[in-house]
Amino acid sequence: MDLGRVLLSSLKMVCKPRWAVFLLIVFLVSCASSEDDEVIKSLAHFMEQLSSGNEQRSSSWGWDTGSDPCTDGWIGVTCDTKNISVRKIVLDGLDLAGTLNFNFLCEAKSLAVLSLEGNQIVGDITETISSCKYLTHVYLSGNRLAGKLPDSLSQLRNLKRLDISNNGFSGELPDLTTISGLLSFLAQNNRLNGSVPALLFSNLVEFNVSNNNFSGPVPDVGMLFGQDSFLGNPGLCGNPLPNACPPKKTSKGTPTQTPTKQYVIYSGYSVIGLAVVLLVAYKCFHKRKASDQNSTEKPGSSKGSSREDKPSSASSVSKGSKNRSEYSITSAESGMAAAASSTLVVLKSPVAKGLKFEELLRAPAEPLGRGKHGSMYKVMVSPGATLAVKRIKDWAISSENFRKRMETLDKANHPNVLPLVAFYCSKQEKLLVYEYQRHGSLFNHLLGSQNGERQFDWASRLHAAASIAGALAYMHERFTEDPIAHGNLKSTNIILNKDMEPCISEYGLMVSEQQQAGGPRSMSKSFKFDSPGNSGQHCRFKVDVYNLGVILLELLTGKAVGNNGVELARWVHSVVREEWTCEVFDRGLVSEGASEERMVILLQVAVKCTDPDPHARPGMSEVAGRLRSLKEEHDNSSSSVEASSEVI
C-alpha cells in the first residue's frame, strides 16, 4: 500500500471523509513544494561552486534559495511554458571560474539545454552527468575543463549536440555510437587520444576532432566531412587526410605476409617478367619481318603510297588541335564537317557580336566543371570577352527543334535568368554560350560561408530565395501553353552576376529524368514520390518546385549539396517531425541574429516544396508571393532599426 492510501485510511479514522480528502491534498501539495525547494537548493549550490571567487553577482542575479528560478527570473534560466520546470541554463561568457558539479545540476530533472561557453570553469565531467537524462544540448567550449570523458555520456540517449572544444580533455572517447540522434560532435583543440570512433556520420551535421592526439585510420566518413575535421592529429591517416595509412606490420616490423604468400607474389613477378621479355622479342621479330617485306616493294606501288602519303583524319585533327580545349577537339572531329549547314547562331547580345564558330574552337578554354549531361568551360575569345560554354552530348533532339527551343527561351527575358548569347547544334553535340560571370555560383558562396571564407548573410540568402522563386514563377507563367521547365535546378547553376544578383542558368535545356517520374528516383520507401504517371505540364513544373525547396533548405541549413538533395530533404523532414526545428538552422545565421520567426516561415515553405507527393506541392507563383512578402517584412524591419538608430 502506498503512502497516500495509508494517510487516507488514517485520516478517515479521525476525520470525516470530505475533510480527509482535503487534508490529503494539502499534504501532497506541501510535499511537492518541498521537492521543488530541494531543486532550488541544489541549483543554488551548483551556482556557488560554479561562480566561486566571482564577487560581481548582483541582487538581480538570482540563484539563491530565497527566490524561484522560473517566476523570479534567475539569470540564464529558461523554464517550460507553465513556468514550473527548468529547461535551459545558458551562462555563456560570464567569467565563471569555479567547478562544474553535475551532482547538484542534475537535480533539475527536466533540464534539456546546458551552455557554459566562454568561461574559465575548471574540473571535469563526472559520471553523474548520466542523471541528466533529458539533456539534448551540452555546450562547454572555451573553458579549462580537463580529465577523461566519462563512459556515462553514452547513456544520454536524447543528446543532439555536444561541444567540448577548446578545453583540456584527455584520454579516449567514450562509446557515443549508442546515441542515434546525435547531430553535432565538436571536440577540437583538446588532448584526446586513441582512435576516432565510427559514429553514424550520415546523421551528423557538424563533426570536428582536429588538434588532438588521435591515431590510427580515419573512419569512413564518405564525402560528408573534409580534412579540416581531422587535421592536427599526427597519428591519424587515411582519407580524407593526405597521408595514407601504412600496411599493417607484425611484431618483427615486417609486413603481415606469410611465407606462402611471399612465394606466390615473387613467383607472380617472375612470370610477369618472363611474359614481358617474350612479348618484346615477338614484337621485334614481326617488326623486322615487316620492314623486310616493305623494302622488296616497288617505290611507286599503290600499296606503298596509301601507307605513306595519306594521313588518317584522327592524326591530322590532333596535330592541328594540340592547344585546343576538350570540346574543341571533339567539335573539330564531329561538327566541322557539318559546319556549312549547322553554324554558330549568335543572338542579340552584344557580347558575342560577330563571333564565328572557328574562333570559338581556336580560343583557349579552361574546364569549370563536369556534370551528368555535359561540361562547362571558360573560353577567352578576346582580351575583353570571356564566355562560358556549356557542351551537351547525346541530347536526342533534332537540330530544327533545338533551334526553335533556344529562340523561344531567348524571347523570355527576365533579369534573374541568365540569357544565352549564342548556340551551336550538330548531330553529335550542342554548344550553349553564356557571358562568363566571375562571382561564381550560389553553391560556392554557401560553401564559402560554411568554411568561414566569406559570409553569405541572412539578408543575402533571403534575397536570393525571393529572386529565384520570382524568376521561376515568371518562366512557368511564360511557358504555360508550351510547358518548358528548368528540369535540373540546383545551387550550382544559380549564378551571381556582376551586381551579385542571382541568375538562373541552363533553363530548359533538357527533359530530365526527374520530370519523367515526378521527382528524384533515388528515394527510399520511407521517403518516396507518388508518381503522377504522365510527364505533363503539372509534373514538369512541380519538379522545379521540389528543386527550389532543396535550395531553400541549403540556404537555411548552410549545408550545400550538389546532387538532387534527397538526403538533405529527408533529414530536414525527420528533424521537423521530431519537433526539433531549431536544429535545422545554420548556426552562423543564429549567431548573426537572424529572425528565427522568419527562418521558421522559410522552412515551412521549403518543407511544402519538398513534399514527397508532387500534387501536394504549392505552385511556383504561390511560393514566389510568400517569399516576396517575407523579404519585404525583413527589409521594412531593417529600415525601421536603421532609422531608430539614426534618431538615437
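**View 1. A left-handed disulfide between Cys 70 and Cys 79.** In this predicted model, the torsion about the S-S bond of Cys 70 and Cys 79 comes out at about -90°, so the bridge is left-handed. The S to S distance is 1.9 Å. If you're new to these bridges, a disulfide is a covalent bond between the sulfur atoms of two cysteines. Are Cys 70 and Cys 79 buried or exposed? Both Cys 70 and Cys 79 are buried. Keep this pair in mind as you look at the next two views: the chain has three disulfides by the distance rule used here.

**View 2. Cys 106 and Cys 132, a bridge between distant parts of the chain.** Here the sulfur atoms of Cys 106 and Cys 132 sit 1.8 Å apart. The torsion about their S-S bond is about -105°, so this disulfide is left-handed. Where do the two ends come from? Cys 106 belongs to the loop between helix H3 (102-105) and strand S3 (113-115), while Cys 132 belongs to the loop between S3 and strand S4 (137-139).

**View 3. A right-handed disulfide between Cys 237 and Cys 245.** The torsion about the S-S bond of Cys 237 and Cys 245 is about 100°, so this bridge is right-handed. Its sulfur atoms are 2.0 Å apart. Number the bonded cysteines along the chain and the disulfides pair up as 1-2, 3-4, 5-6.

**View 4. A cis peptide bond at Asn 239 and Pro 240.** Look at the link between Asn 239 and Pro 240: the peptide bond is cis, with omega at about 10°. Pro 240 is in the loop that runs between strand S12 (235-237) and helix H4 (259-296).

**View 5. Asn 167 and its neighbours.** Asn 167 sits in the loop between strand S6 (161-163) and strand S7 (168-172). Its relative accessibility is 10%, so Asn 167 counts as buried. Which backbone nitrogen does the side chain of Asn 167 reach? That of Leu 145, at 3.1 Å. Leaving out residues up to four places away in sequence, Asn 167 touches several others, including Leu 140, Ser 141, Gly 142, Arg 144 and Asn 189.

**View 6. Asn 189, with a positive phi.** One of the residues that Asn 167 touches gets its own close-up here: Asn 189. Its phi is about 60°, a positive value, although Asn 189 is not a glycine. Most residues other than glycine have a negative phi. You'll find Asn 189 in the loop between strand S8 (184-186) and strand S9 (191-194). With a relative accessible area of 31%, Asn 189 is partly exposed.

**View 7. Glu 506, with a positive phi.** Phi of Glu 506 is near 60°, and Glu 506 is a residue other than glycine. Which loop holds Glu 506? The one between strand S20 (502-504) and helix H12 (513-517). At 14% relative accessibility, Glu 506 falls under the 20% cut-off, so it counts as buried.

Technical notes
Residues numbered from 1 in each chain as written. Predicted model: local features only at pLDDT ≥ 70, side-chain atom pairs only at ≥ 80, totals over all residues. Heavy atoms only, no water. Helix = DSSP H or I, 4+ residues; strand = E, 2+ residues; numbered from the N terminus. Buried < 20%, exposed > 50% of the residue type's maximum accessible area, 1.4 Å probe, protein only. Disulfide = S-S within 2.5 Å. Polar contact = N/O pair within 3.5 Å; in protein donor to acceptor, adjacent residues only side chain to side chain. Contact = heavy atoms within 4.5 Å.
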